[in-house]
Amino acid sequence: MIVVKIGGRTLQSNLEGIVDNISKLVEEKKEKFIIVHGGGQEIDEYTRKMNLEPKYVVSPSGIRSRLTDKEELKVVIMVLAGLINKNITHELLKRNMAAIGLTGLDAKLVEGKKRDKIIVIDDRGRKRLVDAGYTGRIDKINKDYIAKMLEIFNVIVLSPIIYSDDSPLNTDADYFASRIACELQADALIYLTDVDGVLINGVLQSKIALSIASDILNKIGPGMNRKVMHAIEAYKCGVKKVVISNGLISDPVEKALREQGSVITGD
């Protein structure tokens, strides 16, 4: 089973190419897939249409993330669970794939708790403690349910919304994909992005060893450093192959499986 995370420009610009490639691998290689998707740009767009302003914070380690308040949570659920999830699922069904689109909330597939307070860096570079809003930390993944669904469906499309007793919660899609891959011990975790992989001063880092990973995090942007951090976590927990690769090219999943991109390796 392979976990593929797609989002951002990749999702908007090459969804059909990605779905074509996944369909080919299902038909020819009998692979099973879990697609985890984000949708930050679309969430921002619809948030503004509802006369709200998206809020982002930066952690002391440089990780930029959405701060989801109660009103924006409504937009997040609408866009992720509705618009994007069903668009991806529809593209798979058009190709006669046995596919289903769900969220982590459905059947309590992914459970967690609301984060309490988080430390952020303010505009003056100072550390501040702020309310985390409706952002969730994953505590449990119902891997038995997911495994049973993979016996029926070739592709499961998952939105990173999770169950908690208090409320549905938003989670970061890169983090969500990493945890899913870990719990199900996926054969591969692929992060499809809009560049060839991890670039430092324009140079592709084809191998990222654990021993140098912390140094790399300080040299790359806030979107990519989050992917690298969660890619490392997946590799450490036993996912056999973890690759950050270009999702805008032809056959992007196949090429990532052939290690075209940035591959996490041991020391």
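**A helix pair and its surroundings**

Tutor: Let's start with H2 and H3, which are oblique to each other; angles under 35 degrees would be roughly parallel, over 145 roughly antiparallel and 65 to 115 roughly perpendicular, with the rest called oblique. Bear in mind that this is a predicted model, where local features need pLDDT of at least 70 and side-chain atom pairs pLDDT 80 or more, while totals for chains, interfaces and linings use all residues. Numbering starts from 1 along each chain as its sequence is written, and side-chain values use heavy atoms, leaving out hydrogens and water.

The axes of H2 (residues 40-49) and H3 (residues 70-94) cross at roughly 130° and come within 9 Å. These axes are lines fitted to C-alpha atoms over the stretch in contact, with angles from 0 to 180 degrees between N-to-C directions. Helices here are DSSP runs (H or I, at least four residues), strands are E runs of at least two, and both are numbered from the N terminus.

So who meets whom? From H2 come Glu42, Ile43, Tyr46 and Thr47, and on the H3 side they meet Glu72, Val75, Val76, Met78, Val79, Leu80, Leu83 and Ile84, contact being heavy atoms within 4.5 Å. That set splits into nine nonpolar, one polar and two charged residues; Ala, Val, Leu, Ile, Met, Phe, Trp, Tyr, Cys and Pro count as nonpolar, Asp, Glu, Lys and Arg as charged, and the others, Gly among them, as polar.

Now step off the end of H2. Asn51 sits in the loop between H2 and strand E3 (56-58), and its phi is positive, about 60°, although it is not a glycine. Asn51 is exposed, with a relative accessible area of 75%; exposed means over 50%, buried under 20% and partly exposed in between, using a 1.4 Å probe and protein chains only.

Lys32 belongs to the loop between helix H1 (8-29) and strand E2 (33-37). At a relative accessible area of 23%, Lys32 is partly exposed. Beyond residues up to four places away in sequence, Lys32 touches Met1, Ile2, Leu150, Glu151, Phe153 and Asn154.
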